[in-house]
Amino acid sequence: MFNVTKKSIQWGGETLTLETGKVARQADGSVIATLGETSVMANVTFAKEAKPGQDFFPLTVHYQEKYYAAGKIPGGFFKREARPSEKETLVSRLIDRPCRPLFVPGFKNEVLVMATVLSCDLVNDPDIVAMIAASAALTISGVPFMGPIGAARVGFAHGAYVLNPAMDDMTKLRDNPEQRLDLVIAGTKDAVMMVESEAYELTEDEMLGAVKFGHEQMQPVIDLIIALAEDAAKEPFHFDPPDYSALLDRVKAAGEAEMRAAFALRDKQERSNAISATVDLIKSKLSEEDLADINLGSAIKALESGILRGDIINGGARIDGRDNKTVRPIVAEVGILPRTHGSALFTRGETQGLVVTTLGTGDDEQIIDALNGNFRSNFLLHYNFPPYSVGEVGRVGSPGRREIGHGKLAWRALQAVLPAPTDFPYTIRVVSEITESNGSSSMASVCGGSLSMMDAGVPLKAPVAGVAMGLILESDGRWAVLTDILGDEDHLGDMDFKVAGTENGITSLQMDIKVAGITPEIMQQALAQAKDGRMHILGEMSKALSAGRQEFSAHAPRIETMQIPTDKIREVIGSGGKVIREIVEVSGAKVDINDDGVIKIASANAEAIKKAYDMIYSIVAEPEEGKIYRGKVVKLVDFGAFVNFFGKRDGLVHVSQIAGKRLNHPNEALKEGQEVWVKLLGFDDRGKVRLGMKMVDQETGAELPPETKAKDEQPEG
């Protein structure tokens, strides 16, 4: 019944297996990739003809994590997988980005890639396995795909690169000072196609070394996919790339001069309006047959691309007049919103981000339900890209894949400089509202996010800046790297290379290539230019703020932490939460206790924090022998007085320890409810507390000198 093909290799200390022919046999390509005990099934289907009038390539990628893969049942009320999680969205993008440029130019048939996690051993992250499975499924499906690609994860610990580190090492990267890098790389046999990374101030050389290491380590995977395809690939789908050279000539004749004039305009809106008008002019001069040609859009884009790229590659100025290494003018402002905890407005050319920071308590942490368990995140970054930021009318809905991806990139760039939660026990939420966009709004979010957090008083280890690099790579081998690219340079160029970091090193690197990969020489040049650009931007940012403010906003909560023994947690919480509720109600502060005995007390009122702290301290602290306490007489008996002196702790002041003279009964010197100063003398054999009063000045609470005590103890007469 089955015609199974299976190939395996040893890779990074685990067995990597690719299998096809047994499952999902009606798909055009189906591969189950297994690394260790993590398995992902990738299925590829594609339409055998393009939709009429289709003028773009409709590739759709879905990555799905099934909770059964890790022996879990989904949380929530519905108990089934529903809308994609943030990780599922990000992994879908990881698969899409390196594969999309490798389809034959002009192919516009619908393609669907679905990667489903079937098993997860909680050691090998399924994202890398999914990328490999998708590449293999595309390669054997017959679709015109110029792959395969390989993928790998690279860590950097103890000065050495690590292939495919364990999931737990990467999940807890912030808590693991030995692990300084989480880099995902994808590429073909000859070149790198995509990089996504989270780093802890790596140098340019260390980052470039990680990329080279990852590309080398993925080569056996590419060979394995080729071996599978040799035995199991379907017949290639017949597709002839369209030749629209004659149409392009007619488009040029109809409006090349006007298009060059449009691209010469410096202002984005003026240039955009002029380009749109020129496109309308060109269409008005073409025949009905040309207007009906599905390749008309490609021909017009080729005209625009040729003008923009030709000027740059031939040594001319860019469309806004800059040279290849200059960053656009920057204006950075902080503290612009009166009621927020921290705010910044970062403007770079025609790209602008309004970034706001909010400080919260432990109750505000995000609980993430993942295959490898539930965990909490105390740093959130949300990126919003409304239509008005590019002067358009558009639908406004829930965050799309682009917004989630850009937000995660900014999150990765900033998380490396955050203070440890033990030093700064706040939940931090950063929201970036992109108010203008003309290239690299994600890097504006990084710069604005750094300034906004410092304005809120977050003690960052160092300010962070980011810059987007571009590339023009011609078929004759000539190339040019561009610093701080515009939207048009991103759209019509060959690379989007984003680098963020501090003065000391890189904290995040993201690269997408639209051609068949780039060489190490180009990447080295891009990293060097990016460093210069980053240093310039950091200098401009420092004019607004160079370090975190010492004082919080009056509207931000104050949080104080205290550590208690874990065996005292039950006493602080009380039966059914009775004690902790009383503390919150009486003090007015929010109290959060974790399983390690760390208590966070939060309030905008310092007195409320102190009151809650004192109430908790009185429960968990132990009285110290020899120390003087203020107490209250709660009961008088023939042999002494019981005094409540330490929270709910009582102790006995023997009648002989009340005064420096003989008393027949404690009521001769004391009455119930009276406040007194007592000294803790020690504990008897049964652990009962022994207190004394006669050695303490009852007016001041100070201990009396020995001679005073001796004198007071002399008998009368």
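The domain bounds I use here come from an automatic or database domain assignment, and the model I am reading is a predicted one.

Entry, domains. I noted that the assignment divides the chain into domain 1 (3-229), domain 2 (243-312), domain 3 (328-469 + 522-542), domain 4 (556-618) and domain 5 (625-690). Taking the centres over C-alpha atoms, I found domain 1 and domain 2 to be separated by 38 Å.

Entry, strand β3. I asked which residues of β3 are buried on each side.

Entry, pairing of β3. I then looked up the strands that pair with β3, and found that β2 (residues 14-20) runs antiparallel to β3 over 4 bridges, with I32 as the bridge partner of E19. Strand β4 (residues 38-46) also pairs with β3 in the antiparallel sense, over 7 bridges, and there A42 is the bridge partner of V31. Between β3 and β4 the hairpin has 2 residues, and I noted that G36 takes a positive phi near 65°.

Entry, helix α4. I checked the length of α4 (residues 204-217): at 1.5 Å a residue its 14 residues should span 20 Å, and because its end C-alpha atoms are 20 Å apart, the two values agree. Among the buried residues of α4 I listed E204, M207, L208, F213 and H215.

Notes
Residues numbered from 1 in each chain as written. Predicted model: local features only at pLDDT ≥ 70, side-chain atom pairs only at ≥ 80, totals over all residues. Heavy atoms only, no water. Buried < 20%, exposed > 50% of the residue type's maximum accessible area, 1.4 Å probe, protein only. Pairing = 2+ DSSP bridges. Expected span 1.5 Å × (residues − 1).
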